[in-house]
Amino acid sequence: MTEEEDNRIRIIKVNVDKYGVTASQYRIQSVPTLMHFRNGEILWRTSGVVEKTELLATLDSFLT
């Protein structure tokens with residue numbers, strides 16, 4: 001990922017124990033759960049460990 005692309009992505013980590021209401025709102029039942037939002041809409045979601053190459057390829061598909 002280039003520096004320009006880094007500026008187009010914001011990664012937010014939510015402590016599901018501390019923010020249980022938010023976790024419930026998004027139906028997070030396992031950790032890690034990754035979601036990609038655009039304008040408040042969930043475009044992609046997965047739970048469990050994702051290999052770095054797979055994650056970068058997925059994110060790249062949203063950036064192009």
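Biologist: Where is His 36 placed, and which residues does His 36 touch, not counting residues up to four places away in sequence?

Modeller: The place of His 36 is in strand β1, which covers residues 33–38. Please keep in mind that this is a predicted model. His 36 has a relative accessibility of 16%, and because buried means under 20%, His 36 counts as buried. Leaving out residues up to four places away in sequence, His 36 touches Glu 41, Ile 42, Leu 43, Trp 44, Leu 59 and Phe 62.

Strand β2 comprises residues 41–47, and helix α3 comprises residues 52–63. The contacts of His 36 include Ile 42 and Leu 43, whose numbers fall in the range of strand β2. They also include Leu 59 and Phe 62, whose numbers fall in the range of helix α3.

A search of the whole structure finds one aromatic pair. That pair is formed by Tyr 26 and Phe 37, in an edge-to-face arrangement with 5.5 Å centre to centre and 85° between the planes. The pair links distant parts of the chain, since Tyr 26 is in the loop between α2 and β1 while Phe 37 is in strand β1, eleven residues apart. Tyr 26 is partly exposed, because its relative accessibility is 28%.

Ser 47 is placed in strand β2, and with a relative accessibility of 41% Ser 47 counts as partly exposed. Leaving aside neighbours within four places in sequence, Ser 47 is in contact with Ser 30, Pro 32 and Thr 33. With Thr 33 there is a polar contact of 3.2 Å between the two side chains. Ser 47 and Met 35 are twelve residues apart in sequence, and their C-alpha atoms are 8.7 Å apart in space.

In helix α3, attention may turn to Thr 58. Thr 58 is buried, because its relative accessible area is 17%. A polar atom of the side chain of Thr 58 lies 2.9 Å from the backbone oxygen of Glu 54.

Away from these elements, Val 14 is found in the loop between α1 (3–6) and α2 (20–25). Val 14 counts as partly exposed, at 42% relative accessibility. Together with Ile 12 and Tyr 19, Val 14 makes a nonpolar surface patch of about 310 Å².

These parts may now be set within the whole. The protein has three helices and two strands, and from the N terminus on its elements run α-α-β-β-α. Along its principal axes the C-alpha trace spans about 35 × 25 × 20 Å. Of the 64 residues, 14% count as buried; His 36 and Thr 58 are among the buried residues. The accessible surface comes to about 5600 Å², and 49% of this belongs to carbon and sulfur atoms. Among contacts between residues at least 6 apart in sequence, 22% join residues at least 24 apart.

Notes. Residues are numbered from 1 along each chain as its sequence is written. This is a predicted model: local features need pLDDT of at least 70, side-chain atom pairs count only at pLDDT 80 or more; totals for chains, interfaces and linings use all residues. Side-chain values use heavy atoms; hydrogens and water are left out. Buried means under 20% relative accessible area, exposed over 50%, partly exposed in between (1.4 Å probe, protein chains only). Contact means heavy atoms within 4.5 Å. Patches are made of residues with over 30% relative accessible area and no salt bridge: like charges are joined within 9 Å, nonpolar side chains (Val, Leu, Ile, Met, Phe, Trp, Tyr) within 5 Å. Accessible areas come from the Shrake-Rupley method with a 1.4 Å probe; for residues, only the protein chains shown count as cover. A salt bridge is a side-chain nitrogen of Lys or Arg within 4 Å of a carboxyl oxygen of Asp or Glu. A polar contact is a pair of N or O atoms within 3.5 Å; within protein, one must be able to donate a hydrogen and the other to accept it, and residues adjacent in sequence count only if both atoms are side-chain atoms. Rings of Phe, Tyr and Trp (its six-membered ring) pair if their centres lie within 6.5 Å; planes under 30 degrees apart count as stacked, over 60 as edge-to-face and the rest as tilted.
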